[in-house]
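Colleague: I am new to this structure and would be grateful for a guided discussion of it. May we proceed by question and answer?

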Amino acid sequence: MIAEAAPFITAYLAMAGLMLGSFINLAADRLPRGESLVTPRSHCRTCGRTLNIVDLLPVLGYVLRRGRCATCRATIGTSAPLVEAVSGGVVAGAIFWQGLWPGALTGLSLVAVFGALVVAIATTRYRQGVRSLRG
Ligand SMILES: [Zn+2]
């Protein structure tokens, strides 16, 4: 039973890693500006359009939009899908390496450290006058 369920749980946790990467991007974009992580809904910094489900798909949204806002064509920046891919990859990699347990714990812990690092880099860049990690 457990062995049969493992691929699905691994895929689910890798998805969770991708979503965490998406959240890391949000945090890296908003925390340096002192903005809320909850409101408003994610939107394009250039034209203000509220992002929809396609825009918000980790990695895939970036690929489908070819790295640009669907409305104003502003570039999104390669760091966003990169952060998402690394977060998903780290969770999947840790599970393949250590098994479901403690791989899931190791992976999520590494993503937490990675997220703190990304936010720290974004904050430093913001203070230096680079307005957004998203480009
Ligand atoms: Zn836009």
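This is a predicted model: local features need pLDDT of at least 70, side-chain atom pairs count only at pLDDT 80 or more; totals for chains, interfaces and linings use all residues.

Colleague: Which residue follows α4, and what is its phi?

Modeller: Helix α4 covers residues 79–98. The residue that follows α4 has a positive phi, near 85°, and is G99.

Colleague: Which elements of the chain have the lowest and the highest mean pLDDT?

Modeller: The chain as a whole averages a pLDDT of 92, and 92% of the residues score at least 70. Among the elements, the lowest mean, 90, belongs to helix α1 (residues 2–30). The highest mean, 97, belongs to helix α3 (residues 60–64).

Colleague: How many helices and how many strands does the chain have?

Modeller: Read along the sequence, the pattern is α-α-α-α-α. The count is accordingly zero strands and five helices.

Colleague: Why does the radius of gyration of the chain agree with that of a compact globule?

Modeller: The C-alpha trace spans about 50 × 30 × 25 Å along its principal axes. For 135 residues, a compact globule would have a radius of gyration near 14 Å. The value for the chain agrees with this, being 16 Å.

Colleague: What share of the contacts with a separation of 6 or more is between residues 24 or more positions apart?

Modeller: Of the 135 residues, 24% count as buried. Among the contacts in the chain with a separation of 6 or more, residues 24 or more positions apart account for 64%.

Colleague: What distance does α5 reach from its first C-alpha to its last?

Modeller: Helix α5 covers residues 100–127 and has 28 residues. At 1.5 Å a residue, the expected reach is 40 Å. The reach of α5 in the model is close to that expectation, at 40 Å.

Colleague: Which residues of α4 are buried?

Modeller: Helix α4 has 20 residues and reaches 28 Å, close to the 28 Å expected. Its buried residues are A80, P81, V83, E84, S87, G88, V90, V91, A94 and I95.

Colleague: Which residues of α5 are buried?

Modeller: Helix α5 also contains P102. The buried residues of α5 are A104, G107, V111, V118 and A122.

Colleague: Which residues of the largest nonpolar core touch the most other members?

Modeller: This core has 18 residues, and those that touch the most other members are L13, I24, V91, I95 and V118. At least two residues of this core are supplied by each of the helices α1, α4 and α5.

Colleague: With which residues is L13 in contact, leaving aside its neighbours within four places in sequence?

Modeller: L13 is one of the core residues that touch the most other members. Apart from its neighbours within four places in sequence, L13 is in contact with V91, I95 and A104.

Colleague: Is V91 buried or exposed?

Modeller: V91 lies in helix α4. Leaving aside neighbours within four places in sequence, V91 is in contact with L13, A14, A16, G17, G107, L108 and V111. The C-alpha atoms of V91 and G17 are separated by 5.9 Å, although the two are 74 residues apart along the chain. Because 28 other C-beta atoms lie within 10 Å, V91 is buried.

Colleague: Is P40 buried or exposed?

Modeller: P40 is in the loop between α1 and α2 (53–56), and a cis peptide bond with omega of about -5° joins T39 to P40. The C-alpha atoms of P40 and A120 are separated by 22 Å. Since P40 has 9 C-beta neighbours inside 10 Å, it counts as exposed.

Colleague: What is omega for the peptide bond from W101 to P102?

Modeller: P102 has its place in helix α5. The bond from W101 to P102 is cis, with omega near 10°.

Colleague: Is R66 buried or exposed?

Modeller: R66 is in the loop between α3 and α4 and has a positive phi of about 50°, although it is not a glycine. With 10 other C-beta atoms within 10 Å, R66 is exposed.

Terms used. Residues are numbered from 1 along each chain as its sequence is written. pLDDT is the predictor's confidence in each residue, from 0 to 100. Helices (H or I, at least four residues) and strands (E, at least two) are DSSP runs, numbered from the N terminus. The radius of gyration is taken over C-alpha atoms; the globule rule is 2.2 Å times the number of residues to the power 0.38. A residue is buried if 20 or more other C-beta atoms lie within 10 Å of its own, exposed if 12 or fewer, and partly exposed in between; C-beta atoms are placed from the backbone. Two residues are in contact if their C-beta atoms, placed from the backbone, lie within 7 Å. The expected span of a helix is 1.5 Å times one less than its number of residues. A nonpolar core is a set of buried Ala, Val, Leu, Ile, Met, Phe, Trp, Tyr and Cys residues joined through C-beta atoms within 7 Å.
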